[in-house]
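Please examine the sequence and the three-dimensional structure shown below before reading on.

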Amino acid sequence: MTTRGIVEAGLSLQCRALHHVYVVEETEVTALDRVDLVVRPGETVALLGPSGCGKSTLLSIVAGLQRPTSGQVLVGRDDVTAMTVPELLSLRSNRVGIVVQNPGRSLLPYATPEENIAFAQRGANPSRRAELPGAEELLDELGLSALAGQRVHAMSGGEQQRVAVAVALASAPGLLLADEPTSQLDDANRDSLVELLAQANSRYGTTVLTVTHDEEVAQAHRRYVRLRDGRIERDDADIADLVGVGEDGSVVLPEHTWTSLPPGSTARVIATVDGVRLVRDEGQDGRR
Ligand code: ADP
Ligand code: MG
């Protein structure tokens with residue numbers, strides 16, 4: 001893949017005690033309440049939760065579009081909350097792509113997708129820019145060639161949302177943020193947009209964080225994080241449950257699983273579509 005060399009193979013994201021309060025006419029609204037979140041490189045995360053729970057606020061802070069009241073955001077090793085405005089522009093031109101909630105407004109309406117992509121790529125660092133895919137090539141890779149040459153303003157909402165994803169991927173970011181990218185789409189358009197996000201992840205290794213209300217969209221992600229009232233209510237892939245597979249294939253099981261699979265016991269390894277299942281071998285260890 002042409003862009004593989006320059007993609008940072010998926011950027012990690014860390015929010016540390018991320019806190020955001022909006023003040024409107026002396027009334028304070030706490031949108032994020034000391035959120036801690038770790039997303040590993042190449043993970044795909046669906047960010048869920050009721051309207052007003054802080055999802056868009058989280059995304060816009062991660063993309064450096066607004067500054068948090070307190071707390072820290074690290075993208076890769078870099079502290080977004082400490083960046084200057086030019087550094088934030090560079091962050092969004094090179095490392096973080098964002099599809100905002102109504103992407104029609106973030107595109108150049110009288111331009112074609114190719115022109116929108118070229119416009120998005122103009123801010124990339126010169127060394128990277130030389131290696132970025134051309135607009136036609138990118139549209140082709142993403143299965144959007146049919147939209148080439150058309151003007152954005154004449155496109156349907158679904159087409160515009162797909163172009164917005166292509167534009168967000170134009171500078172081969174290591175982290176893609178998408179805020180309700182399918183909210184205005186019918187099922188067929190939704191499915192092709194979900195496919196697009198999955199492709200970004202599988203082709204380029206891009207880390208993906210998608211805000212959605214749609215269960216079908218969420219299911220295309222490997223981890224669900226649920227926000228409520230500015231706090232993480234549930235995280236279905238808690239970091240405590242993640243294990244690394246060593247160079248020699250070894251895995252150290254998390255301690256909370258030792259009751260069902262004690263150290264020293266024997267387990268049968270059952271391959272599944274997305275990994276393996278470990279089942280205690282009753283022949284070796286039939287005690288309960
Ligand atoms: P979500 O995306 O989950 O619907 P938001 O992040 O948009 O949630 O909003 C979180 C809370 O912050 C809500 O109570 C919302 O009304 C408030 N809020 C969001 N943006 C602003 C703003 N620009 N000014 C004041 N309050 C805001
Ligand atoms: Mg929102």
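The following paragraphs consider the domains, then a sheet, and finally a pair of helices.

The structure is a predicted model. Its chain is assigned two domains: domain 1 covers residues 3-236 and domain 2 covers residues 243-288. Taken over C-alpha atoms, the centres of domain 1 and domain 2 are separated by 36 Å.

Strands of a sheet pair through backbone hydrogen bonds, in either a parallel or an antiparallel manner. Here, six strands form an open sheet with mixed pairing, and their order is 6-7-8-3-9-10. Strand 6 (96-99) and strand 10 (231-235) stand at the edges; each has a single partner strand, so one side of each is left without a neighbour in the sheet. On average, neighbouring strands of this sheet are turned by 20° against each other, direction ignored.

Within the sheet, strand 3 (residues 44-48) pairs with strand 8 (residues 207-211) in the parallel sense, over four bridges. Leucine 47 has valine 211 in strand 8 as its bridge partner. Helix 1 (residues 55-62) lies across strands 3, 6, 7, 8 and 9, and runs at about 150° to strand 7 (175-179).

Two packed helices are described by the angle between their axes and the distance between those axes. Helix 3 (residues 113-121) packs with helix 6 (residues 157-169) at an angle of about 30°, and their axes are 8 Å apart. Because this angle is under 35 degrees, helix 3 counts as roughly parallel to helix 6. The crossing of these two helices is right-handed. Pro113, Asn116, Ile117 and Ala120 of helix 3 meet Val163, Ala166 and Val167 of helix 6. By class, this contact has six nonpolar residues, one polar residue and no charged residues.

Technical notes:
Residues are numbered from 1 along each chain as its sequence is written. Chains are lettered from A and ligands numbered from 1 in the order in which they are written. This is a predicted model: local features need pLDDT of at least 70, side-chain atom pairs count only at pLDDT 80 or more; totals for chains, interfaces and linings use all residues. Side-chain values use heavy atoms; hydrogens and water are left out. Two strands pair if DSSP finds at least two bridges between them. Axes are lines fitted to C-alpha atoms, for helices over the stretch in contact, and angles run from 0 to 180 degrees between N-to-C directions. Contact means heavy atoms within 4.5 Å. Domain bounds come from an automatic or database domain assignment. Angles under 35 degrees count as roughly parallel, over 145 as roughly antiparallel, 65 to 115 as roughly perpendicular and the rest as oblique. A crossing is left-handed if the near helix is turned anticlockwise from the far one by less than a right angle, and right-handed if clockwise. Ala, Val, Leu, Ile, Met, Phe, Trp, Tyr, Cys and Pro count as nonpolar, Asp, Glu, Lys and Arg as charged, and the others, Gly among them, as polar.
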